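The sequence and structure come first.

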Amino acid sequence: MTKGLVLTCDPRFVSELKKELQLPKEHYELLVLAPGVLLAAAEDVGAPIFLRHRFPVEHVAEVGHTLMDLPLLVAAATPLLAAAESGTKVAVQCRIMDEACPYRAAEVKVALDEVLLTRGLLPETKHPQIVLSVLIAKQRAYLGLSSPVQNLSRWNGGAAHYGRPSGALSRAEHKLEEAFEVFNIELAAAAQVLDLGAAPGGWTSFLLKRGHYVTAVDTGELARELLTHPRLIYHRQNAWHIKPLADTFDLITCDMGREASGTVEVLLHLASSLKSGGALLMTVKFMGHEPLPLIRECRRKLEQRYRLQAGRHLWHNREEVTLYLVRHT
Ligand SMILES: C[S@@+](CC[C@H](N)C(=O)[O-])C[C@H]1O[C@@H](n2cnc3c(N)ncnc32)[C@H](O)[C@@H]1O
């Protein structure tokens with residue numbers, strides 16, 4: 001029996017998350033713990049688009065007043081680890097969202113990593129089997145033990161840090177990398193991909209590095225270092241002017257910087273280019289529109305040719321969400 005769920009979203013989109021949570025008939029009691037962090041008195045809230053991370057709370061502990069109180073928090077968290085078998089890779093993910101907290105996240109992690117070792121568990125940061133979550137807010141510590149799948153993300157609070165240089169190209173690259181990870185997209189190495197709105201080329205670069213064949217389309221210029229790649233075809237033109245090539249692509253990616261309604265029309269026009277069952281990964285850019293009605297309208301139109309699998313406001317999304325669909329007709 002959990003004591004609720006800690007839900008994390010982008011602080012700018014809390015009201016969207018709250019609206020999504022109220023879409024089904026159930027009503028959730030929601031307490032705001034910190035900017036973008038809510039406590040829901042519920043066992044399960046599904047996976048709304050604006051929910052980036054969640055964890056079930058198993059224990060709520062006092063935080064104490066000085067660093068000397070840290071052992072009390074460690075003692076409160078330790079019994080949760082009884083459920084983990086020896087040899088399990090465990091990540092301690094601590095977020096401190098309370099200025100009055102007397103200790104830092106790194107200190108909590110060091111102390112709990114020591115406990116892991118004494119219990120035959122393996123501290124692991126990047127690819128844990130189990131996560132021990134510690135969220136400190138409003139003078140309380142919310143503690144839970146869960147899997148990355150239950151949490152919707154293997155990252156602390158859903159903050160996906162791929163840790164490579166962050167120029168414009170690699171920032172865009174990380175957005176597609178995160179979409180592949182979150183939606184669990186697996187493509188054969190030599191898959192054919194149509195990348196719409198490809199410039200300057202972050203997504204194209206990511207796809208080429210994974211061994212795919214990429215047809216990139218943009219009215220703008222692709223980064224020069226990509227142009228000579230042997231698996232790249234580049235059309236410098238408006239996506240509207242691309243002729244559909246029947247059943248050619250395994251994946252269409254679309255990050256076109258334009259009104260979502262126009263993007264949807266282009267994707268309906270090009271749907272027959274996708275092999276049946278092929279996937280579409282696209283961003284829906286808000287451009288001043290209210291996000292949820294816009295997403296709903298895009299989905300309604302896209303369903304003529306595609307079925308929505310999932311959607312997420314990714315860590316790398318700003319004023320947009322990423323949708324994952326498959327072609328059905
Ligand atoms: C956000 S950027 C794409 C970034 C890209 N995904 C990357 O990884 O570098 C949006 C791009 O959409 C392109 N675009 C907008 N409307 C287009 C259209 N009708 N046809 C082709 N490209 C378009 C713009 O030229 C711009 O390069």
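## Phe180 and Phe206

Phe180 and Phe206 are both buried, where buried means under 20% relative accessible area, exposed over 50% and partly exposed in between (1.4 Å probe, protein chains only). Their ring centres lie 5.3 Å apart with the planes at 75 degrees, so this pair is edge-to-face. Rings of Phe, Tyr and Trp (its six-membered ring) pair if their centres lie within 6.5 Å; planes under 30 degrees apart count as stacked, over 60 as edge-to-face and the rest as tilted. The pair links distant parts of the chain, 26 residues apart: Phe180 belongs to helix H4 (residues 168-182) and Phe206 to helix H5 (residues 202-209). Helices (H or I, at least four residues) and strands (E, at least two) are DSSP runs, numbered from the N terminus.

## Basis of the values

This is a predicted model, in which local features need pLDDT of at least 70 and side-chain atom pairs count only at pLDDT 80 or more, while totals for chains, interfaces and linings use all residues. Residues are numbered from 1 along each chain as its sequence is written, and side-chain values use heavy atoms, with hydrogens and water left out.

## Other aromatic residues

Six aromatic pairs are found in a search of the whole structure. In one of them, Trp155 and Tyr162, the ring centres are 5.4 Å apart and the planes stand at 80 degrees, so the pair is edge-to-face. Trp155 counts as buried because its relative accessibility is 13%; Tyr162 counts as buried at 9%.

Phe13, Phe50 and Phe286 form one aromatic cluster.

## Helix H1

In helix H1 (residues 14-21), the buried residues are Val14, Glu16, Leu17, Glu20 and Leu21. They cover an arc of only 160 degrees around the axis, so they are on the same side of H1; the arc is that of the directions from the helix axis to the C-beta atoms. The buried residues of H1 pack against strands E1 (5-8), E2 (30-34) and E3 (37-40) and against helix H7 (291-302), contact meaning heavy atoms within 4.5 Å.

## Around the ligand

Among the 18 residues around the ligand, Gly201, Trp203, Asp218, Ala239 and Asp255 come nearest. A residue is near a molecule if one of its heavy atoms lies within 4 Å of it.

A polar side-chain atom of Asp218 is 2.6 Å from an oxygen atom of the ligand. A polar backbone atom of Ala199 lies 3.1 Å from a ligand oxygen atom.

Conventions:
Polar contact = N/O pair within 3.5 Å; in protein donor to acceptor, adjacent residues only side chain to side chain.
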